[in-house]
Amino acid sequence: MAEPLLQVRGLQVHFPIKRGLVVDRTIGHVRAVDGVDLQVGRGQTYGLVGESGCGKSTLGRAILRLEEPTGGTVLFDGQDVGALRAEPLRLIRRRMQMVFQDPLSSLDPRQSVESSLTEPLGVHGLADADRAEFGADSAKSHLAKASAMLDVVGLPRGSLAKYPHEFSGGQRQRIGIARAMILNPDLVIADEPVSALDVSVQAQVINLLEHLQDLLGLTYLVIAHDLAVVRHISDVIGVMYLGTLVEEADSDDLYERPLHPYTIALMSAIPIPDPVVEDRRERILLRGDLPSPANPPSGCRFHTRCPFRQATRCDDEVPALREVAGSPGRRVACHYAEEIRDGRIHVADPQLLVEPPTASAAGRS
Amino acid sequence: MSPVEQHTTTASSDRTLVSRSRREPVNRSEVLLEVRDLDVTFARRGGRATHAVDGVSFSVRPGEVVGIVGESGSGKSVTSLAVMGLLPRRGVQVRGEVLYRGRNLLTMPAGELADLRGSELAMVFQDPMSSLNPVVPVGTQVTEVLLRHSDISRSAARDEAEDLLRRCGIPDPGRRLKEYPHQLSGGMRQRALIAIALACRPALLICDEPTTALDVTIQAQVLELLKELVADLGTAMVMITHDLGVVAGLCDSVNVMYAGRVVESAPRRELFEHPRHRYTEGLLGSIPRLDAPRGDPLQPIPGTPRDVIAWSAGCAFAPRCRHAADDCVVPDLGLEPLGRAGHLVRCVHPAPESSPEHRAPRDHRTTELSGPSGARALSVSDSASTTAGEERHG
């Protein structure tokens, strides 16, 4: 594996819950991100998946220090991002950029595309690689670069004078992508880059992101709730649950053999657009909803909903994200990952197991 | 969470979803709802009228799930609102016929329609936050339907509401009845909305993107609930969604809509195995599949759903179609039978029958996690029962 560009160690983001009219008393913390370790290698794509409220977006923002972490370190290319003061942080931000979820709310409605695209150039200046092509920093060279960027993301040249409302959702997302990529960053964090788009347009944007990665040698951290999308573009996938990583694996392996009970249930819940597969598939339902991150369950955070829950260890012992013997490149935060993998533990409650119609017709009491 | 398991712990265990049906046994061959040439036009002040739904026809039988798939702006939601008579009267022209048990809902007096709506016809909306009243407790919103349509006392309605919420998988329904929508999580709100729709055991349920706002694990719970409903009560269902995965698992037949018209209509398996319309083919090729080999680039449909031409001028999909030719510009293309029985396509150059290029057959892991009957090295305790009680060592 290449030398990691991004290393996150024990990252925590806790938001205080305040109550009181005159004196704000802190009565607790929402543990949005609670101790996450991950590494992203150069040129790699790391996918983060999880349900809403699991802290994946907060994690992405905390890596860029758009959200101030309350603990842990973020090393970007060997530099501790958390320790940087304002000016060095500003300088390092040109190398790490973000693509936001909703292109309409992340683009200023009163700013033309030209202004949106040249603003980062005005702040940081052209990337060294672009100087050769476009010359020294000037309004003219910035405009030339913005115009070239439009070509790269597949927007018509005439778009520069237009405003965000004149574009469709997919085109707006292309503007957001162009704005993030115009500085030639090393790391791009894409937070739900396609979830606001129509199905037929999603694929265009996914292909564009892949194309740009090849073209510019980017490293991606893609955050999304759609596991199929994440699996398609990522090399490594991390699954988050309630502020922690519960499983990390190579994206092909993860689908082949999910080991953490949450990943297993998540995989089985994702509908596959193929009736043949859908009819044959066994589903594991999860009970209830995500517990509150202000008061996470003791022990394993998933134990309240876990279909494989055991009588010992699960409720009182926090499982570490550990390598599993016999499954290389895999980290799982479950005490019983080996037993589940080898089929020594099963789902006990038949109510949680939805078998294919043919099998369940015979087995139903 | 399945509603069946819930009531075993309560006094109402004898009343299952099935036995509660007071309606006469369903005749599964009868056509319950027939939509014929539905046409909806929105007039705009000073602008050209928008033809949102253009000659849509389909029919639903009891115990059948009909899917309507399309992207935003394809007219799928307007179709459902027109069927339920929920479109505003001003500026909207609805033509065609919507026959429910032979009676035309479009020409029915408003009072009669109001009697049917909520009791025999029900609808589940997409966004539970905006379709529940935020200043009225959930319980009142459920009992309201019961009091309006059946002759029961308030206390009986309250018990019934509690029972309904429990069946829909809401834990501690007695407490939830007194709560307001904002106190419920998204999944619970959606289940409350389904409970309201099911309150009078409707014969026809229209679901407009019922799971789009939900997380996948909650979506799986809700879809399982809907499946049970169709299987046990023989409810007829119209499922409106943009998610082909949901359609693949739930619907018996599928109508694909584009720019206000049905472009392809086929039984579920037929549609996914042999998509003939270029739009359907494109849609299937553009979604990343969880079980497909990685690395193959997706095949997106070029352009956006807004790049359409009027159906009266030619095929609306032609501007985005890779196979479009001059002869696609034919006014009012018909929805013609093609290939196998029940397959209708509106296309001049349909895809050849066996070119399932999007399909990547691959052995799916279905039985790696063997069922509850399998041999156990370690016992697994039921998480619900042990959260309350003590740990049991197996």
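**Overview**

Chain B contains 13 helices and twelve strands. Chain A has 14 helices and 14 strands. Both chains belong to a predicted model.

**Chain B: fold**

- Of the 394 residues in chain B, 46% are counted as buried.
- Take the contacts in chain B between residues at least 6 apart in sequence: 65% of them link residues at least 24 apart.
- Four strands of chain B form an open sheet, in the order β2-β1-β4-β5. Its pairing is antiparallel.
- The edges of this sheet are β2 (50-60) and β5 (103-104) of chain B, each of which pairs on one side only.
- Strand β1 (residues 33-42) of chain B runs antiparallel to β2(B), and eight bridges join the two.
- Within that pairing topic, one position can be named: Leu33(B) lies opposite Val60(B), a residue of β2(B).

**Chain A: fold and confidence**

- Chain A has an average pLDDT of 89, and 97% of its residues score at least 70.
- Residues 359-365 of chain A are the stretch to treat separately, with pLDDT below 50. Beyond near neighbours in sequence, this stretch has two contacts in the model.
- The C-alpha trace of chain A spans about 75 × 55 × 45 Å along its principal axes.
- In chain A, 52% of the 365 residues are buried.
- For contacts in chain A between residues at least 6 apart in sequence, 65% join residues at least 24 apart.

**Where the chains meet**

- The contact draws 65 residues from chain B and 63 residues from chain A.
- Which elements of chain B give two or more residues to the side that touches chain A? They are α8 (186-198), α9 (216-233), α10 (244-250), α11 (268-273), α12 (278-286) and α13 (383-388) of chain B.
- The top contributor to this side of chain B is α9(B), which gives seven residues.
- By class, the side of chain B that touches chain A holds 26 nonpolar, 24 polar and 15 charged residues.

Methods. Residues are numbered from 1 along each chain as its sequence is written. Chains are lettered from A and ligands numbered from 1 in the order in which they are written. This is a predicted model: local features need pLDDT of at least 70, side-chain atom pairs count only at pLDDT 80 or more; totals for chains, interfaces and linings use all residues. Two residues are in contact if their C-beta atoms, placed from the backbone, lie within 7 Å. Ala, Val, Leu, Ile, Met, Phe, Trp, Tyr, Cys and Pro count as nonpolar, Asp, Glu, Lys and Arg as charged, and the others, Gly among them, as polar. pLDDT is the predictor's confidence in each residue, from 0 to 100. A residue is buried if 20 or more other C-beta atoms lie within 10 Å of its own, exposed if 12 or fewer, and partly exposed in between; C-beta atoms are placed from the backbone. Two strands pair if DSSP finds at least two bridges between them.
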